[in-house]
Amino acid sequence: MDTIGSVGLQPRERASNCPQEGMPRPPDSLELVQKCLQQFQVTKTQLQQIQASLLCSMEQALKGHHSPAPSVRMLPTYVGSTPHGTEQGDFLVLELGATGASLRVLWVTLTGTKEHSVEPKSQEFEIPQEVTLGTGQQLFDFAARCLSEFLDAHPTENQDLKLGFNFSFPCHQTGLDRSILISWTKGFRCSGVEGQDVVQLLREAIQRQGTYNIDVVAMVNDTVGTMMGCELGTRPCEVGLIVDTGTNACYMEEARHVAALDEDRGRSCVSIEWGSFYDAKALGPVLTTFDQALDHDSLTPGAQRFEKMIGGLYLGELVRLVLVHLTQHGVLFGGCSSPALLSQGSILLEHVAEIEDPATGTAHAHTILQHLGLSPQASDAEMVKHVCAAVCTRAAQLCAAALAAVLSRLQHSREQQTLHVAVATGGRVFERHPRFHRTLKEVVTLLVPECDVSFIPSVDGGGRGVAMVTAVAARLAAHRHVLEETLAPFQLDLEQLTVVQAQMREAMARGLRGEASSLRMLPTYVRATPDGSERGDFLALDLGGTNFRVLLVRVAEGSVQITNQVYSIPECVAQGSGQQLFDHIVDCIVHFQQKQGLSGQSLPLGFTFSFPCKQLGLDQGILLNWTKGFNASGCEGQDVVYLLREAIRRRQAVELNVVAIVNDTVGTMMSCGYDDPRCEIGLIVGTGTNACYMEELRNVAGVAGDEGHMCINMEWGAFGDDGSLGMLSTCFDASVDQASINPGKQRFEKMISGMYLGEIVRHILLHLTSLGVLFRGQKTQCLQTRDIFKTKFLSEIESDSLALRQVRAILEDLGLTLTSDDALMVLEVCQAVSRRAAQLCGAGVAAVAEKMRDNRGLRELSVSVGVDGTLYKLHPHFSRLVSATVQKLAPHCTVTFLQSEDGSGKGAALVTAVACRLAQTAMADGLSKNDAITPD
Ligand code: G6P
Ligand code: BGC
Ligand code: BGC
């Protein structure tokens, strides 16, 4: 029989056979006692099965598996690093639940150096039973009163009181200061607390108390406080183990293994909550009838089964149940029991620990048994010692099996065969029970011999550890405050967006009337969207977006075929001379024609030129100013169709018939309009941003005629260049604008489009780094490099899955080392910047839709918007936020967004096709080509 540390009883001489006072012991009493205590003997195999089953349950819970529900919880604690000892400051710590029905308040001073430590001040308060079983409000008001009493007794100048709440019950944490109580344990059962955020309940109670302004910045489980408060020389403890009234452990798990955390680097402390461990196959055979009875009569039958075999709240009760059993069988106290012995909870942990004391145990046993109204004989006291030993040895063995499971888990998650680890221990079972610690060590060594484990007893019950976590939480809270302050101007509310919408409406009206306005509202000479009768082959150019493309567009009955080639526009060409730029364009056209076997063919060409042009006709567009990083000389103020034709002319032997120049917004509207005739708005949110829409001709000053519609290129990128967006502009926007090649220009675009969002984020990150909030204040050269933080990073970072991993990967590629808190902040910065961009864009679309609804005097308008642009297409949330903003600001408009699949090149070809069709009809009617396309 491979029993371990069996407490085998040596038959003792019976002193005497006492009458009623002492009925003779039944003959089989020794057997009965042995049978009784044998139940508490656990074999090595059984312990290994418990170890394996607990390990399996831990791994199931880590993966977030719910069926079957793992019996341990593996709760993230949001403690991401063991202490680096630099934490400083004075902190209040409130301990509730670690040591039964008592509450402790501590004042802990962290000096930031190991050499110099300050003894914490503390005060303990007994919690009356009517409070532990009362309402939650009673409990938290009691706690707030104790805090106040403590501070009255320990006056301090420091008004900025930061408190760490050491709350030793299973909680679902979603942050250091957000913690939902899952269920009470250890004899607590206050109503109205389970499922509630206990940090909030404490904050409200402190408020109700109203005596001190205490900021609760962290909730910490006692195992975590114990772990964080201990270190072995330079090696921090990475496991925290508590055996007090209850039992539990925590340890530093690889963050990537914790499904509940979206992390792939670093470690995170997990509270196992092994008290609720149960597995009928592994634990069933070890459960005794006494365990069943104890559980049955407990406050929480069926719950915390493992804890009820180990926790100090239950050890005394188990001993009592065994003593009652043996007394009822006449084995003890001559079969004479006492009301005290028969009453639940009458034997406490302290009693068991004293009885187990090798030196004074027997004497203590006598005192305690007499105190229970029993008249023990010497052999009774010895027997009682055996019972205590059996119960506590098993508790230590089971605890060891559980700890061995944690150590095996650490070996797995760190892929280490040999593990060197320091375990911080805390709790009165450790402190008071003579042999518990030794037995635990022995069994751990037996079960995981390859692990080199050092046990570090916690000196102050984890108070310092909780203060350390509080210090980290206070620092993070302060950082979070700075972050929220920094990002507040990016949170636009409905009122602000309504103002933007109204200002845009006014600017549109002024622009249409030809008055001074930051919105130029440029007529495009596109009067109608395609009607499907277009036919033929067309060349199209698409310049102004991320890529320059040359396209061949074949328009046939019910189908449009597109062949295209992407060419790059080197920065030196985009910012060189106009001649260079247009010669480069013609080179690309010729290369494309050769590749497509079109050389020598003079196909009608539509030119998508995505810059603000004052059009004098469909094929005449005066470039007003470059945008989006283009700055080719000699172009502004010129007719770009003429510049293209000149370049074609310079390149002899090339025949091209430039028929139309369109803005990419117009091309996109036309392209989508080919499939959906309701598409009367074009929107680009890419490198730049802009919109166009079909306006009533009567409203367009400078273009003759009142009938029909004309597409207006709003050039909304320049909205606010008159300062009307000043109220929304932040210092980061100003930095981006000042560093741009067109300061003061395209202010709306610089708050929305892809060319600038990354830069806005970079400036915010620089600002937060300079305040020490990010990257430990380390401003790397990389982060100070312009355009290093691409806007596409926002789309990658904000992709729902693995967001924090994306942040880490991207920022580490930029040479930054970051903590998970840094990653979270960068994610929030990206979200704030892109959300503002989408909301502003939505306010713009709402302004256009409402204008069209008013134009047509409609109660409800249904319109489609053709959209293109990398940011709109790739960002995971942008389109949804734009649409949501439009719904709020234009409730009487049903706006459908159509993502353009073929880009605006197809649109340019369709505009060209319409122009060609109109020209042919006119010719047929004897009119000149131009009169046809632009009748007036
Ligand atoms: C598509 C259109 C272009 C437009 C571009 C804008 O590619 O075909 O005409 O300029 O989108 O988006 P981008 O993200 O490339 O700037
Ligand atoms: C609680 C744990 C706590 C342990 C030790 C258990 O009952 O559920 O949260 O860590 O007791 O105090
Ligand atoms: C240009 C617009 C263009 C938009 C989207 C802006 O910078 O001024 O003409 O439509 O970018 O590409």
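A backbone N or O atom of F611 lies 3.2 Å from an oxygen atom of ligand 3, a polar contact (a pair of N or O atoms within 3.5 Å). The structure is a predicted model, in which local features need pLDDT of at least 70 and side-chain atom pairs count only at pLDDT 80 or more. Residues are numbered from 1 along each chain as its sequence is written, and ligands are numbered from 1 in the order in which they are written.

Side chains also reach ligand 3. In N663, a side-chain N or O atom is 2.8 Å from an oxygen atom of the ligand, and for N690 a polar side-chain atom lies 3.1 Å from a ligand oxygen. Of the 310 Å² of accessible area that ligand 3 has on its own, the protein covers 99% (Shrake-Rupley method, 1.4 Å probe). Two elements, α22 (664-673) and β25 (689-696), each give two or more residues to the shell around the ligand. Of the 15 residues around ligand 3 (a heavy atom within 4 Å), T627, K628, D664, E715 and E749 come nearest.

Another part of the structure is helix α2, residues 44-62 (helices are DSSP runs of H or I with at least four residues). The end C-alpha atoms of α2 are 27 Å apart, which agrees with the 27 Å that its 19 residues should span at 1.5 Å a residue (1.5 Å times one less than the number of residues). Just after the helix, G64 takes a positive phi of about 80 degrees.

Definitions and conventions
Heavy atoms only, no water. Polar contact = N/O pair within 3.5 Å; in protein donor to acceptor, adjacent residues only side chain to side chain.
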